[in-house]
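Dear colleague,

I am passing on the structure that we spoke about, and below it you will find my notes on what turned up in it. Please read them with the model open beside you.

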Amino acid sequence: MTIQWVTKKFEALSVVELYQILRLRSEIFVVEQNCVYQDLDNKDQKALHLFGQFEGKIIAYSRLFKAGDYFDCSSIGRVVVDENYRDKNFGHELIAQGIAGIKKYYCEENITISAQLYLKKFYESHGFIQTSEMYLEDDIPHIEMKIYV
């Protein structure tokens with residue numbers, strides 16, 4: 001099973017791509033995680049949108065930010081994989097693509113993320129280290145993590 005990776009600016013997203021991205025984010029972050037929060041935060045316009053497609057459907061997604069647009073360092077956020085494809089290791093591919101995208105598009109070496117606490121080991125497997133105590137974001141335990149690539 002091969003996934004096609006695409007990176008686009010907000011303005012370059014098609015209406016269908018934007019709809020699929022917002023639907024995927026809503027399915028996971030709002031419905032699956034039972035968390036009512038404002039996903040549309042006016043930061044999508046600043047981000048690069050990295051997504052993986054399989055058979056015409058977006059099944060993996062994240063936002064990439066240059067330094068200063070979200071954190072002081074560049075950042076990867078809204079990391080999500082369709083629950084029907086989580087057994088395929090696409091999450092690991094997504095993070096690897098995100099790190100490569102930060103290097104390619106922003107020439108940045110430091111990346112900060114706000115990670116859900118239960119994913120700490122997942123992010124550590126990509127070289128991220130915990131840099132904060134646990135905090136609640138939308139009533140979900142999070143930690144700040146950084147990587148220096």
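**The first helix**

Helix α1 bends by about 30 degrees at S26. Please keep in mind, here and throughout, that this is a predicted model. The helix covers residues 15-32, and at 1.5 Å a residue its 18 residues should span 26 Å, which agrees with the 24 Å that separates its end C-alpha atoms.

Which residues of α1 are buried? They are E17, I21, L24, R25, I28 and F29, and in the model they pack against β1 (4-9) as well as β2, β3, β4 and β5. In an α-helix there are 3.6 residues a turn, so residues three or four places apart point the same way. After α1 comes N34, whose phi is positive, near 50 degrees.

**The chain as a whole**

The chain has three helices and eight strands, and read along the sequence these follow the pattern β-α-β-β-β-α-β-α-β-β-β. The radius of gyration is 14 Å, close to the 15 Å that the globule rule gives for 149 residues, so the chain is as compact as a globular protein of that length. Along its principal axes, the C-alpha trace spans about 40 × 35 × 30 Å.

Of the 149 residues, 43% count as buried. Among the contacts in the chain with a separation of 6 or more, 60% are accounted for by residues 24 or more positions apart.

**The nonpolar cores**

The largest nonpolar core has 26 residues, and those with the most contacts inside it are I111, I113, Y123 and F128. At least two residues of this core are supplied by each of β2 (48-54), β3 (57-65), β4 (74-81), α2 (90-106), β5 (110-116), α3 (120-124) and β8 (140-148). The largest share, six residues, comes from α2.

Apart from this core lies another, of 13 residues, which includes L13, L24, Y37 and I58. L24 is also one of the buried residues of α1.

What does F128 touch, once its neighbours within four places in sequence are left aside? F128 is in contact with I95, I99, I111, I113, Y123, M145, K146 and I147, and I111, I113 and Y123 are, with F128 itself, the residues that have the most contacts inside the largest core.

Is I140 buried or exposed? With a relative accessible area of 16%, I140 is buried, whereas Y148, at 51% relative accessibility, counts as exposed.

Not counting residues up to four places away in sequence, I140 touches Q33, C35, Q116 and Y135. I140 and Y118 are 22 residues apart in sequence, and their C-alpha atoms are 9.8 Å apart in space.

For Y148, leaving aside its neighbours within four places in sequence, the contacts are with E109, N110 and I129. Y148 and E109 are 39 residues apart along the chain, while their C-alpha atoms are separated by 5.7 Å.

How many disulfides does the structure hold? It holds zero disulfides. C73 is in no disulfide, and the nearest cysteine sulfur to that of C73, which belongs to C107, is 15 Å away. Seen from C107, the closest cysteine sulfur is in C73, and the 15 Å between them is too far for a bond, because a disulfide needs the two sulfur atoms within 2.5 Å. C73 counts as buried, at 16% relative accessibility, whereas C107 counts as exposed, at 65%.

C107 lies in the loop between α2 and β5, and its phi is near 50 degrees, a positive value in a residue other than glycine. N42, which has its place in the loop between α1 and β2, also has a positive phi, of about 65 degrees, although it is not a glycine. N42 is exposed, with a relative accessible area of 62%.

With kind regards

Conventions:
Residues numbered from 1 in each chain as written. Predicted model: local features only at pLDDT ≥ 70, side-chain atom pairs only at ≥ 80, totals over all residues. Heavy atoms only, no water. Core = buried A, V, L, I, M, F, W, Y, C linked by side-chain atoms within 4.5 Å. Buried < 20%, exposed > 50% of the residue type's maximum accessible area, 1.4 Å probe, protein only. Helix = DSSP H or I, 4+ residues; strand = E, 2+ residues; numbered from the N terminus. Contact = heavy atoms within 4.5 Å. Expected span 1.5 Å × (residues − 1). Bend = angle between axes of the 7 residues up to and from the residue. Rg over C-alpha atoms; globule rule 2.2 N^0.38 Å.
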